[in-house]
Amino acid sequence: MALTMKDTFYISHGAPTLAVDESIPARHFLQSWKDEVFPQKPKAILVISGHWDTSFPAVNIVHRNDTIYDFYGFPDPMYKLKYPAPGAPELALRVKELLMASGFKRVDEDRERGLDHGAWVPLMLMYPEADIPVCQLSVQSKRNGNYHYNLGKALAPLKDEGVLILGSGSATHNLRALRMVDGIVPWALEFDTWLKDALLQGRYEDVNHYQEKAPHAKMAHPWPDHFYPLHVAMGAAGENAKAKLIHHSWQLGALSYASYQFNSAS
């Protein structure tokens with residue numbers, strides 16, 4: 001009997017320094033993952049990260065994940081961190097199979113890519129032993145929220161196969177607007193509050209069309225790559241899933257670490 005996952009998640013991973021900076025509250029939230037958030041040990045983890053953006057859905061098919069340092073100008077120790085989780089080639093092929101069966105005509109296979117920092121930074125804190133196989137699925141930032149919701153919907157059967165589906169992005173992601181300020185800038189707070197209310201009220205259709213529905217949508221996400229992992233997690237949970245805010249903190253005035261759990265136990 002396979003382990004059944006009733007939950008999918010969207011994690012705001014913020015800055016790469018989350019890996020080393022003890023002063024970031026989200027770091028402690030992720031370190032408490034197994035004890036306080038999600039005690040079940042998944043058979044494998046599928047990460048949809050905002051840092052892998054392709055024209056068509058792609059999965060990484062490797063036996064051992066390399067650690068990708070896809071960030072620049074950070075302290076040296078950051079480039080020595082390793083998260084050598086096993087790959088999940090069977091899961092990758094299963095993802096491809098499910099997507100193609102749901103009408104996604106092309107799903108690419110990347111047989112070299114390891115884990116980008118949207119995957120390994122949170123996982124290093126959540127599952128430090130690096131003993132659970134991990135596969136990544138890319139986002140397509142030229143497509144829309146609905147498309148990514150349907151991508152997630154196609155992946156729903158994985159929950160019954162013991163797979164943890166984890167979207168990793170940022171609830172707000174305008175890096176040019178980050179400042180050392182006290183408090184939170186109004187546009188970021190308004191967008192973040194709109195998102196929380198929409199999710200907690202189950203208005204997933206509004207979140208799919210956030211560009212038209214949300215205040216300051218373009219300011220909060222000048223590019224949507226860090227938002228679409230949310231739509232995948234939401235779609236995989238299903239339209240009757242209940243959303244729960246499981247962490248909330250801010251950095252640099254406009255970077256929200258809001259993270260959500262979607263429970264599909266009916």
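**View 1. Strand E1 and its partners.** In E6, Phe9 has Leu166 as its bridge partner. Four bridges join E1 to E6, and the two run parallel; strands pair here if DSSP finds at least two bridges between them. On E10 (residues 259-263), E1 is joined by four bridges in the antiparallel sense, with Tyr260 as the bridge partner of Tyr10. Strands (E, at least two residues) and helices (H or I, at least four) are DSSP runs, numbered from the N terminus. Before we move on, please note that this is a predicted model, in which local features need pLDDT of at least 70 and side-chain atom pairs count only at pLDDT 80 or more, while totals for chains, interfaces and linings use all residues. Residues are numbered from 1 along each chain as its sequence is written, and side-chain values use heavy atoms, with hydrogens and water left out.

**View 2. The two faces of E1.** Here we stay with E1 (residues 7-12): six of its six residues are buried, so the strand is largely enclosed by the rest of the structure. Buried means under 20% relative accessible area, exposed over 50% and partly exposed in between (1.4 Å probe, protein chains only). One side carries Asp7, Phe9 and Ile11, the other Thr8, Tyr10 and Ser12, and all of them are buried.

**View 3. Tyr127 in the nonpolar core.** The largest nonpolar core has 92 residues, and Tyr127 is listed with Trp33, Leu46, Leu199 and Phe262 as having the most contacts inside it. Such a core is a set of buried Ala, Val, Leu, Ile, Met, Phe, Trp, Tyr and Cys residues joined through side-chain atoms within 4.5 Å. Leaving aside neighbours within four places in sequence, Tyr127 is in contact with residues including Trp33, Phe38, Pro42, Tyr83 and Leu164; contact means heavy atoms within 4.5 Å.

**View 4. Stepping back to the chain.** Ten helices and ten strands make up the secondary structure of the chain. Of its 266 residues, 59% count as buried. Among contacts with a separation of 6 or more, 80% come from residues 24 or more positions apart.
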